[in-house]
Amino acid sequence: EKAAFCRFMATMLRAGLPLPEALDIIRQETQSKKLKEVLFDISFHIRKGATIFSVLANYKKEFDAVFLTMVKAGEESGTLEKSFDYLAKQLLTSYELSQKVKSSMMYPIIIIGAMIANAFIMLGFVLPKMSDVFLSLNTKIPPVTKFVLNVGKTVGDNLALTFGVFFGIIFLVILLFLIRTSRTFIFSYAVKLPVISKVMDQLDTARFARTLSTLLKSGVPIMVALDVSSDVLKQPHLKRQAKEFSIGVAKGESLSDIILSKKRSFSVMMIQSIKAGEKTGSLEVVLEELASFYEMEVDYGLKRATALLEPLLMLIIGVAVGVMVVLLITPIYSIVGGLESGL
């Protein structure tokens with residue numbers, strides 16, 4: 001919705017439409033109630049002499065620092081249509097990238113969820129019924145089989161408690177991801193995993209390069225652009241380092257030298273490209289090319305990770321199904337064997 005709003009704004013402002021009229025047209029076309037409310041507010045206050053930035057600043061949950069900074073720069077420099085054009089491209093690229101990440105995660109999440117649900121149904125409903133039958137028979141049962149049957153009987157006798165524990169664990173897991181502190185803690189360890197760490201590095205590099213390029217193209221001063229760009233980074237250690245970039249630039253140091261001095265920041269390719277952009281005076285162009293390259297690398301990385309994950313999940317499913325089959329068939333064979341011995 002924000003990307004469409006920016007695209008329409010850029011087109012209408014280039015066509016020479018007055019700002020309030022452009023906002024009213026977009027407001028009539030949009031389906032989002034929240035966006036209608038924001039556009040009405042902007043249109044109302046602009047007619048009273050306010051700026052778009054001053055109104056949007058009241059909606060910080062809906063519009064992030066990058067959006068607000070670019071709108072402010074566009075208003076101050078008289079190039080608002082260019083700012084909205086850059087924002088539309090930025091938002092669409094960011095949306096496409098996040099959708100690729102989400103679609104890559106859907107397959108393993110569905111498979112793992114189905115496995116957990118299957119195990120819960122077997123433990124909660126199938127095994128308790130078998131346990132009642134098999135344990136009531138006066139026959140010798142192997143220790144492992146007896147243990148499994150006793151587990152099934154315990155679960156069946158305490159089904160309400162089992163449901164409570166199961167859904168309690170799910171609730172706690174969701175809660176851990178909703179609380180900012182615990183989410184950051186889990187994330188800081190998750191990003192250290194081999195495949196995930198590489199994809200996250202590429203993802204953060206692409207976001208930082210794309211945001212910084214867009215802000216510089218909009219005429220935002222480099223120190224402000226660096227501060228705003230650091231906010232889009234997801235890895236805590238990288239965000240902390242990026243917050244110090246503007247301090248070094250303010251002292252007269254080059255951006256490439258500052259990044260080079262930081263351990264575990266951006267790749268050598270990123271540093272060398274920034275150095276070339278600084279020397280030729282085309283930093284924003286180089287950053288845009290870097291962003292496109294790393295976005296493509298993220299796409300390839302996710303495809304490779306998914307390709308590796310699929311056979312691994314199939315193997316886990318095969319083992320899980322095999323274990324379940326053995327656990328269900330072993331009691332039957334044991335009891336049949338016991339009955340034959342008795343006869």
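Predicted model: local features only at pLDDT ≥ 70, side-chain atom pairs only at ≥ 80, totals over all residues.

Reader: Which residues make the nonpolar surface patch?

Author: The patch, of about 870 Å², is made by Leu161, Val165, Ile169, Val173, Leu176, Phe177, Phe185, Ile186 and Tyr189. The elements that each give two or more residues to this patch are helix 8 (159–178) and helix 9 (180–190). Helix 8 gives the most, with six residues, while Tyr189 lies in helix 9.

Reader: At what angle do helix 8 and helix 9 pack?

Author: Their axes are 5 Å apart and meet at an angle of about 90°; because angles from 65 to 115 degrees count as roughly perpendicular, helix 8 and helix 9 are described as roughly perpendicular to each other. Helix 8 brings Leu175, Leu176, Phe177 and Leu178 to the contact, and helix 9 brings Arg180, Ser182, Arg183 and Ile186. By class, five residues of this contact are nonpolar, one is polar and two are charged.

Reader: How many salt bridges does the structure hold, and which residue pairs with Arg210?

Author: Side chains of opposite charge can pair when their charged atoms come close. The structure holds eleven salt bridges, and one of them joins Arg210 to Glu295, with the closest N and O atoms 2.9 Å apart. Arg210 lies in helix 10 (residues 194–217) and Glu295 in helix 16 (residues 283–342), so this pair ties together parts that are 85 residues apart in sequence.

Conventions:
Residues numbered from 1 in each chain as written. Heavy atoms only, no water. Patch = residues over 30% accessible without salt bridge, like charges linked within 9 Å, V, L, I, M, F, W, Y side chains within 5 Å. Areas by Shrake-Rupley, 256 points an atom, 1.4 Å probe, with all protein chains shown as cover. Salt bridge = Lys/Arg side-chain N within 4 Å of Asp/Glu carboxyl O. Helix = DSSP H or I, 4+ residues; strand = E, 2+ residues; numbered from the N terminus. Axes fitted to C-alpha atoms, helices over the stretch in contact; angles between N-to-C directions. Parallel < 35°, antiparallel > 145°, perpendicular 65-115°, else oblique. Contact = heavy atoms within 4.5 Å. Nonpolar A, V, L, I, M, F, W, Y, C, P; charged D, E, K, R; others polar.
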